[in-house]
Amino acid sequence: MIDDWCEKYRPKALNEVVGNKQGKERLMEWAGAWKGREKPQKKGVIISGNPGIGKTSAALALANDMGWEVVELNASDKRDYESINGIAGVGAVNETFGIDGSFVPKKKRLILLDEADNLFGREDRGGVRAIVEVLRKSQQPIILVVNDYYSLVSRSGALRNLTLQVDFRRPTKRGIANLLAKICEFEGVEADEGALTLLAENCKGDIRSAIRDLQLLALSPKIDDENVLSLGGRDREEDLFRVLAKVFKSNTAQEARTAFQSLDEAPDHFLLWIDENLPIEYKKPADMYRGFYFVSRSDLFLNRSAKRQAYVLWSYAIDLMTAGVASAKEKPYQGFTRYRFPSYLKKMSLARKDRGLRSDIVKKIDEVWGRGSKNLDLVKEIAKKDPETVARKLDLGDEELSFLVKG
Amino acid sequence: MFRSEVKPAVLRQVVDTVSIIVGEGKFRVNQDGMSLKSVDPTHVAMVDLELNRSAFESFEADDQELGIDIEKLKNVLRSATPSDVITLHLDEESNRLILNMGNLMRSMSLLDTRHMTDPKIPDIELPAIVVMDGEELERGIKAAENVSDHVIISMDNESFELRAEGDTDSVDLKIPNDLLLDLKCDKRVKSIFALSYFSNMIRAARASKVVKIGLGVDYPVKIEFDIAGGKGHVLYLLAPRIPG
């Protein structure tokens, strides 16, 4: 099997991580505070920044420097309430065994939630709530790694208060080129200095993709400018917020369309973002009117494409939601706009939570009195009059009780 | 080569004791029988299971490892009746485990054991050891689950005690020395454990009437009991909560 160089050359110590001097200092300071008798005030850190710039590497290297074991929740793990609480929550308050048969009391362990912003949107089943709970009760240091700090903390004010923010920037191309040169030396790969600089420049700060490209190029006998250019420029994923800004602020249809193409997002999902944020950006009524005309036309095409299973219609829908919306304004609005998460998705996830609560309650009624769903309305009425007795008899949680009483 | 016949009840005990720790098990089989050592994904709990070949109706095995999806095995057992005898054998060509009960045949692909951890069970000396009836303990745990998510277990040479403290309510189960089967306790010991794990372990101990518990001060607990009518043995280790 071929080694993945990204794993093989993952930094072992924090000072081997390329760039981000300030960020690394903040991490060291925070980690140092865990050595004291008292736990630091903020038990969690959110490292934010673009993909591939060394956020996860920094977290793992820090743990290595501190002699902490790592409990890791990866992007591929399930991200609902139970899974997060079951792994991170358990790791946060309990001692653990070493795989080598050791047991060392009071050993520190880092709880690492990689790609923590993936908890959101349609897949969030109490994931945020679980993280907040874990941060509150944890006896152990926690690091959340995210691409977008803002989209994470906007979901929960508590998250912002419970954590320290460390922002990672793109490292300089010089730093990356140096790293690439070191890897070449180690692997015995011959490479032009200029070619490595070009590779570092093309990756736009994404070390991971630079190393991947390097590993690919290393198959040829010598790396020079020519075979670096043969890779072509890498299309970097732009994040949602930047694409939204491009669509709303661009002057040309072309710019708005290409911005969307660089985004890895389904059009129906992206339309929800446009729909939510259009009235925030377009303040003139006429602009808003024309903008929503294109949103509704786009929605029509999306619906048709789904109904007829004719995804070729997506291209019309996409043109309307990007180029159409971009052309709806008289002239671009100046200044920074704070975009919001689609409220439709938020409501949907709340409704799902309600359904979950309802079925839990019905199960409990069924166990105690039988005829669960048929008795639900009756129990609701009783709960309104005497919530304490009902809660005790059914062993209800606070959330379940308030659901019963309000509904 | 692996071929054996086993009663569903025995296999069920194996599945029940292992499934609370891991979803995928690396079972070692050899001429002495079957064994498994596993640690849960959070490294908070461990299981060490041994099943002597005499627990099986018949048993033949070369020394090898079988990676088994415990959830699947659980499902297979749902379709078994108590009078069945399940035949298990390894089809080496397809790397599948074939289970036969009556006219029903179920084959399941084995998991790659190379990626499964091989934990060493820590050799822990504990100052206090109690042997008791598991049923009484289960009663205490059931009550405790209503008030908290962790339990405080303590022992001195007079009694064994299980406490749970919630925000407003508490539960206390105190068993005096004369109602315990055995109690050896040099000094007063106390540790706190996650109830979710502890209660699952005690419930798994239903397989035997008697359970042996070793305890220390803010130290892991050892829970031991027999399965398969004394022809198998289970040891659980559970790390304590971090004090403070």
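**A colleague's note: contacts, cavity and rings**

1. Let me start with a residue in chain B: B:F2 is buried, with a relative accessibility of 2%. Please keep in mind while reading that this is a predicted model. B:F59 is likewise counted as buried, at 4% relative accessibility.

2. Aromatic pairs come next, and the structure has 20 of them over all chains. In one of them, the ring centres of B:F2 and B:F59 lie 5.9 Å apart with the planes at 70 degrees, so this pair is edge-to-face. B:F2 belongs to strand 1 (residues 2-6) of chain B and B:F59 to strand 5 (residues 58-61) of chain B, so the contact ties together parts 57 residues apart in sequence. Over in chain A, ring pairs join A:Y150, A:F241, A:W273 and A:F341 into a cluster.

3. B:F2 turns up again in the lining of the largest cavity, together with B:L11, B:V14, B:M34, B:L66, B:I68, B:L73, B:L88 and B:L97. The search counts 3 cavities of 30 Å³ or more, and the largest cavity holds about 70 Å³ of space.

4. B:V171, B:L173 and B:I175 make up its covered face, while B:S170, B:D172, B:K174 and B:P176 make up the uncovered one. Strand 12 of chain B runs antiparallel to strand 13 of chain B, and 7 bridges join the two. A hairpin of 4 residues connects these strands. B:L173, from the covered face, is the bridge partner of B:L162.

5. Turning to charged side chains, there are 27 salt bridges over all chains. One of them joins A:E25 and A:K21, at 3.6 Å from N to O. These two residues sit 4 apart in helix 2 (residues 21-33) of chain A, which means that about one helical turn separates them. A:E25 is partly exposed at 46% relative accessible area, whereas A:K21 is exposed at 62%.

6. A second salt bridge in chain A pairs A:D319 with A:R257, whose closest N and O atoms are 3.0 Å apart. What does this pair tie together? A:D319 is in helix 16 (residues 314-327) of chain A and A:R257 is in helix 13 (residues 253-261) of chain A, so the bridge ties together parts that are 62 residues apart in sequence. A:D319 is partly exposed, with a relative accessible area of 29%, and A:R257 is partly exposed too, at 31% relative accessibility.

7. In chain B, B:R188 and B:D156 form a salt bridge with 3.6 Å between the closest N and O atoms. This one links distant parts of the chain, 32 residues apart: B:R188 is in the loop between strand 14 (182-185) and strand 15 (189-194) of chain B, and B:D156 is in the loop between strand 11 (150-155) and strand 12 (159-165) of chain B. B:R188 counts as partly exposed at 48% relative accessibility, as does B:D156 at 22%.

Technical notes:
Residues numbered from 1 in each chain as written. Chains lettered and ligands numbered in written order. Predicted model: local features only at pLDDT ≥ 70, side-chain atom pairs only at ≥ 80, totals over all residues. Heavy atoms only, no water. Salt bridge = Lys/Arg side-chain N within 4 Å of Asp/Glu carboxyl O. Buried < 20%, exposed > 50% of the residue type's maximum accessible area, 1.4 Å probe, protein only. Pairing = 2+ DSSP bridges. 1 Å grid on protein atoms, 1.4 Å probe; cavity = no way out; pocket = protein on both sides within 12 Å on 5 of 7 lines; lining within 4 Å. Points joined across faces, edges and corners; volume = space filled by probe spheres on them. Phe/Tyr/Trp six-rings, centres within 6.5 Å; stacked < 30°, edge-to-face > 60°.
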